[in-house]
Amino acid sequence: MNYTKVDIDEWSRGSLFQFYIEKMRIVMSLTVDINVAPLITYTKKNDLKFYPAMIWVVSKVINSHDEFKYSWDTDGNLIRWDSISPSYTIFNRDDECFSKFVTEYTDDIFEFYQRTVDDQRKYQEERAIIGNQPQNFFDVSCLPWVKYKHFDVHVFDEGKFLAPVLTWGKYEAQNGNALMPFTMNIHHAVADGFHLSRFFNEVQELIDSYVE
């Protein structure tokens with residue numbers, strides 16, 4: 001969990017960051033339809049489940065950009081993690097409750113996938129938020145039961161939660177594609193509409209790279 005302290009006075013975004021932290025605490029939310037057909041084909045070919053594979057895709061893009069890796073240290077200093085890992089939910093059908101834990105990110109999809117398998121087995125009897133998780137995380141959840149138009153998550157802290165919050169829903173076949181609603185919530189202090197747009201575009205580009 002290595003990180004760098006951020007000198008706001010030297011940071012090119014420093015004045016914007018201070019404005020949105022001190023005067024106008026805004027979280028932006030954007031939903032985009034992503035075509036996940038190539039990833040579905042790839043996962044079936046390689047005997048992978050779609051959910052952890054999609055988590056890896058978004059983790060790879062998130063770790064490519066600094067704007068998604070900001071947080072605070074225990075003394076309240078702004079920091080930027082070297083890397084962040086997904087904190088995601090696993091639904092338990094037996095009792096309709098979920099488990100939530102962090103799987104450490106790695107750049108290799110198959111290694112990451114195995115880590116998710118190991119973690120799910122480790123926490124299969126646990127419920128709710130698993131304790132003693134690392135602090136360098138972003139949030140992931142899924143609503144595979146519904147094809148929604150928009151989804152918004154409100155983080156009711158003091159308005160200083162900086163990590164991305166990602167959600168996606170049910171994908172539906174349409175003209176050879178599989179369109180899936182995909183949502184990001186992010187604090188305006190660390191990102192703008194440009195960064196949101198680039199994120200979705202790069203997720204789509206990475207998924208499209210799996211076209212045979």
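Three strands make up an open sheet with the order 1-4-3 and antiparallel pairing. Its edges are strand 1 (3-5) and strand 3, each of which pairs on one side only. Direction ignored, neighbouring strands of this sheet are turned against each other by 40° on average. The model is predicted. Strand 1 and strand 4 run antiparallel and are joined by three bridges. Thr4 has Arg80 of strand 4 as its bridge partner.

Helix 1 covers residues 14-22, and its buried residues are Gly14, Phe17, Tyr20 and Ile21. Seen down the helix axis, these buried residues fall within an arc of 135°, so they line one face of helix 1. An α-helix has 3.6 residues a turn, so residues three or four places apart point the same way. Ser15 and Glu22, on the other side of helix 1, are exposed. What do the buried residues of helix 1 pack against? They pack against strand 3 (70-72), strand 4 (78-81) and strand 11 (177-187).

The next group of strands includes strand 8. Strand 8 spans residues 137-143, and five of its seven residues are buried, so it is largely enclosed by the rest of the structure. Strand 5 (residues 85-92) pairs with strand 8 in the parallel sense over four bridges. Strand 8 also runs parallel to strand 9, to which five bridges join it. Val140 of strand 8 is the bridge partner of Tyr88, and Leu166 of strand 9 is the bridge partner of Val140.

Val165 is placed in strand 9, which covers residues 165-169. Is Val165 buried or exposed? Val165 has a relative accessible area of 6%, and because buried means under 20%, Val165 counts as buried. Apart from neighbours within four places in sequence, Val165 is in contact with Asp139, Val153, Val155, Thr183, Met184 and Asn185. Ser141 is 24 residues from Val165 along the chain, and the C-alpha atoms of the two are separated by 8.3 Å.

Aromatic residues come next. The whole structure holds 20 aromatic pairs. One of them is the tilted pair of Trp11 and Tyr70, with 4.9 Å centre to centre and 40° between the planes. Trp11 lies in the loop between strand 1 and helix 1, and Tyr70 lies in strand 3, so the pair ties together parts that are 59 residues apart in sequence. Both Trp11 and Tyr70 are buried. Tyr148 and Phe151 also form a tilted aromatic pair, at 5.7 Å centre to centre and 40° between the planes. Tyr148 is buried, with a relative accessible area of 8%, whereas Phe151 counts as partly exposed at 24% relative accessibility.

Ring pairs also link a cluster made up of Tyr51, Phe68, Tyr88, Phe101, Tyr123, Trp168, Phe182, Phe199 and Phe200. Tyr88, named above as the bridge partner of Val140, is among the residues of this cluster. Apart from ring pairs, there is a charge over a ring: the charged end of Lys160 sits over the ring of Trp72, 4.4 Å from the ring centre.

Phe101, one of the residues in the cluster, lies in strand 6 (residues 97-102). Phe101 is buried, with a relative accessible area of 2%. Leaving out neighbours within four places in sequence, the contacts of Phe101 are Pro86, Ser87, Tyr88, Ile90, Asp119, Gln120, Tyr123, Ile130 and Gln133. Among these contacts, Tyr88 and Tyr123 also belong to the ring cluster.

Where is Leu48 found? Leu48 is in the loop between helix 2 (37-45) and helix 3 (50-62). Leu48 counts as buried at 12% relative accessibility. Not counting residues up to four places away in sequence, Leu48 touches Tyr42, Thr43, Phe110 and Tyr113.

| Residue pair | Separation in sequence | C-alpha to C-alpha |
|---|---|---|
| Val165 and Ser141 | 24 residues | 8.3 Å |
| Phe101 and Leu48 | 53 residues | 20 Å |
| Leu48 and Gln114 | 66 residues | 9.8 Å |

Definitions and conventions. Residues numbered from 1 in each chain as written. Predicted model: local features only at pLDDT ≥ 70, side-chain atom pairs only at ≥ 80, totals over all residues. Heavy atoms only, no water. Helix = DSSP H or I, 4+ residues; strand = E, 2+ residues; numbered from the N terminus. Buried < 20%, exposed > 50% of the residue type's maximum accessible area, 1.4 Å probe, protein only. Contact = heavy atoms within 4.5 Å. Arc of directions from axis to C-beta. Pairing = 2+ DSSP bridges. Axes fitted to C-alpha atoms, helices over the stretch in contact; angles between N-to-C directions. Phe/Tyr/Trp six-rings, centres within 6.5 Å; stacked < 30°, edge-to-face > 60°. Lys NZ or Arg CZ within 6 Å of the ring centre and 35° of its normal.
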